[in-house]
Amino acid sequence: MHETEIHSNTIEKLKRGSYEAFDTLYDMYADSLYGFALLHTKSSVQAEDIVQDTFLKLWNMRASLSVEGSFKSMLFTICLLYTSDAAD
């Protein structure tokens, strides 16, 4: 099974409310999102909060996720929106 297929399967499981799938995606992306948020905010506390908010948003919108398009881009876009809010 290719990585994209595994990723699609994980997203499909998340859409059905799988905590295991959520944990898998968190493990895959949390560190990168934290670095991205830290780069934008220059605050470890804000960066941690932004990562938490990003994954909370992901959980809340899980039912409407699509396996089409870039999941990573979507996550980083959500994160960027929260970093913009933090700058205000």
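**Surface and charge**

I looked up the surface first: the protein chain of this predicted model exposes about 5,700 Å², of which carbon and sulfur atoms supply 52%. The areas come from the Shrake-Rupley method with a 1.4 Å probe, and for residues only the protein chains shown count as cover. I then looked up the charges and found 7 positive and 13 negative side chains, with the centres of the two sets 5 Å apart. Lys and Arg count as positive and Asp and Glu as negative, while His and the chain ends are not counted. Each charge is placed at NZ of Lys, CZ of Arg, CG of Asp or CD of Glu.

**Ground rules**

I note that residues are numbered from 1 along each chain as its sequence is written, and that side-chain values use heavy atoms, with hydrogens and water left out. In this predicted model, local features need pLDDT of at least 70 and side-chain atom pairs count only at pLDDT 80 or more, whereas totals for chains, interfaces and linings use all residues.

**Fold and dimensions**

I find four helices and zero strands in the protein chain, in the order α-α-α-α along the sequence. Helices (H or I, at least four residues) and strands (E, at least two) are DSSP runs numbered from the N terminus. The radius of gyration is 13 Å, close to the 12 Å that the globule rule gives for 88 residues, so the protein chain is as compact as a globular protein of that length. That radius is taken over C-alpha atoms, and the globule rule is 2.2 Å times the number of residues to the power 0.38. Along the principal axes, the C-alpha atoms fill a box of roughly 40 × 25 × 20 Å.

I looked up burial next: 30% of the 88 residues are buried (under 20% relative accessible area; exposed is over 50%, partly exposed in between, with a 1.4 Å probe and protein chains only). For contacts (heavy atoms within 4.5 Å), I took those with a separation of 6 or more; 60% of them join residues 24 or more positions apart.

**Helix α3 and T54**

I checked helix α3, residues 44-60: its 17 residues reach 24 Å from first C-alpha to last, close to the 24 Å expected at 1.5 Å a residue. The expected span is 1.5 Å times one less than the number of residues. Its buried residues are A47, I50, V51, T54, F55, L58 and W59. Leaving out residues up to four places away in sequence, T54 touches L33, L75, I78, C79 and Y82.

**F71**

I placed F71 in helix α4 (residues 71-87). F71 is buried, at 6% relative accessible area. Residues up to four places away aside, F71 touches H7, I11, L25, Y29, L58 and L65. I also took the C-alpha separation of F71 and Y26, which is 12 Å for 45 residues along the chain.

**T10**

I found T10 in helix α1 (residues 3-15), buried at 10% relative accessibility. Beyond four places in sequence, T10 touches A21, T24 and L25.

**K42**

I located K42 in the loop between α2 (19-41) and α3. K42 counts as exposed, at 66% relative accessibility. Its phi is near 60 degrees, a positive value in a residue other than glycine. From K42 to T77 I read 18 Å, C-alpha to C-alpha, across 35 residues in sequence.
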